[in-house]
Amino acid sequence: MGRRVAESASVNPPPPRGAHRLLEWGVIEVVALLAAFSILSILHILWPWLSGRGAAYSTSRARAVRWAFELVGVRGKRVYDLGCGYGVVLAIAKSMGAEPVGVEVDPLRWLICKAVCRCRVLFRDMFEVDLSNADVVYVFQWPSVNAKLAAKLARELKPTAYVVSYMWEMPQLKLVAENPQLKVYIYQSIYNV
Ligand SMILES: C[S@@+](CC[C@H](N)C(=O)[O-])C[C@H]1O[C@@H](n2cnc3c(N)ncnc32)[C@H](O)[C@@H]1O
C-alpha cells in the first residue's frame, strides 16, 4: 500500500508549493478584476440616475429618431440632444443636414461622443445650458426628468422650436405629433394649459 502511494506520487509530482500559491492568486486576481470592471461599468451606466442628475445610459432606436427628424425637418436647423450619450442621435441629425449640438454630463461618454461625432458637444449639465437658439431639442430621459425639463423648455425655447421626446411623454408641453409604436412624441415648446 505504502509502495503504491510512493509510486503514484513519483508519476504525478505535486507542483511546488510556491507555484501553486501563485496560480491560486492569479485566478483570484483575475476574478476580482473582472468583478471590479463589471461593477464600474454598471456604475458608469447608472451614475447620472443615482446622483439625481438625469436618466441612466441607454440608446434611442435609429428608426424612431429618423421618423421624428423627417417629420419636423432638421436640414439647416440647430438640433440639441440633451444627454447625448455616445452620439447616435447627433450622428443621425448630422447625416440629415442639421447642425447638431450635444450636451453630456458623463466625461467618458462626452469624450467618445466628441471624437466620434466631430460636432459641438458640451460637457455640461443640461439644466445649465441656454437653449434659446435651439430649433429642435431631442430628449431621451425619464418621466421625472422630463417634468423638470418641460419648465425649462417652455421658458427658454423659441415658439417655433420643436421638442422630440423618445420613450416617455412630456404632458406639460403641447403635443403636435406622436408615434406610439416607435415611442416618439413631438411637442411645441409652449406649456399645455
Ligand atoms: C437614456 S441616455 C440617452 C442617450 C442618447 N440621447 C440617445 O438617445 O441615444 C441619457 C443620457 O443622458 C445623460 N445625462 C443624464 N443626466 C444628464 C444631465 N443632467 N446633463 C447632461 N446629460 C445627462 C446620461 O449620461 C446619458 O448619457
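Of the 193 residues of the chain, 33% count as buried, a residue being buried if 20 or more other C-beta atoms lie within 10 Å of its own, exposed if 12 or fewer, and partly exposed in between, with C-beta atoms placed from the backbone. This is a predicted model, in which local features need pLDDT of at least 70 and side-chain atom pairs count only at pLDDT 80 or more, while totals for chains, interfaces and linings use all residues. Residues are numbered from 1 along each chain as its sequence is written.

The chain contains 6 helices and 7 strands; these are DSSP runs numbered from the N terminus, helices being H or I of at least four residues and strands E of at least two. Along the sequence their order is α-α-α-β-α-β-α-β-β-α-β-β-β. Among contacts between residues at least 6 apart in sequence, 50% join residues at least 24 apart; two residues are in contact if their C-beta atoms, placed from the backbone, lie within 7 Å.

Strand β2 may be taken next. Because 5 of its 6 residues are buried, β2 is largely enclosed by the rest of the structure. Strands β1 and β2 run parallel and are joined by 5 bridges, where pairing requires that DSSP find at least two bridges between two strands. Within this pairing, Arg78 has Glu99 in β2 as its bridge partner. From β1 the chain passes through α4 to β2 in a right-handed β-α-β crossover; right-handed here means that, with the strands pointing away from the viewer, the path from the first strand over the helix to the second runs clockwise. Strand β2 also pairs with β3 (residues 120-123), in the parallel sense and over 4 bridges. Here Gly102 stands opposite Val121 in β3. The chain crosses from β2 to β3 through α5, and this β-α-β crossover is right-handed.

Helix α4 spans residues 88-95, and Val89, Leu90, Ala91, Ile92 and Ala93 are buried in it. The buried residues of α4 pack against α3 (62-72), β1 (78-82), β2 (99-104), α5 (107-117) and β4 (136-139). Just after α4, Gly97 adopts a positive phi of about 90 degrees.

Helix α6 (residues 143-156) holds Ala151. Ala151 is exposed because it has 12 other C-beta atoms within 10 Å.
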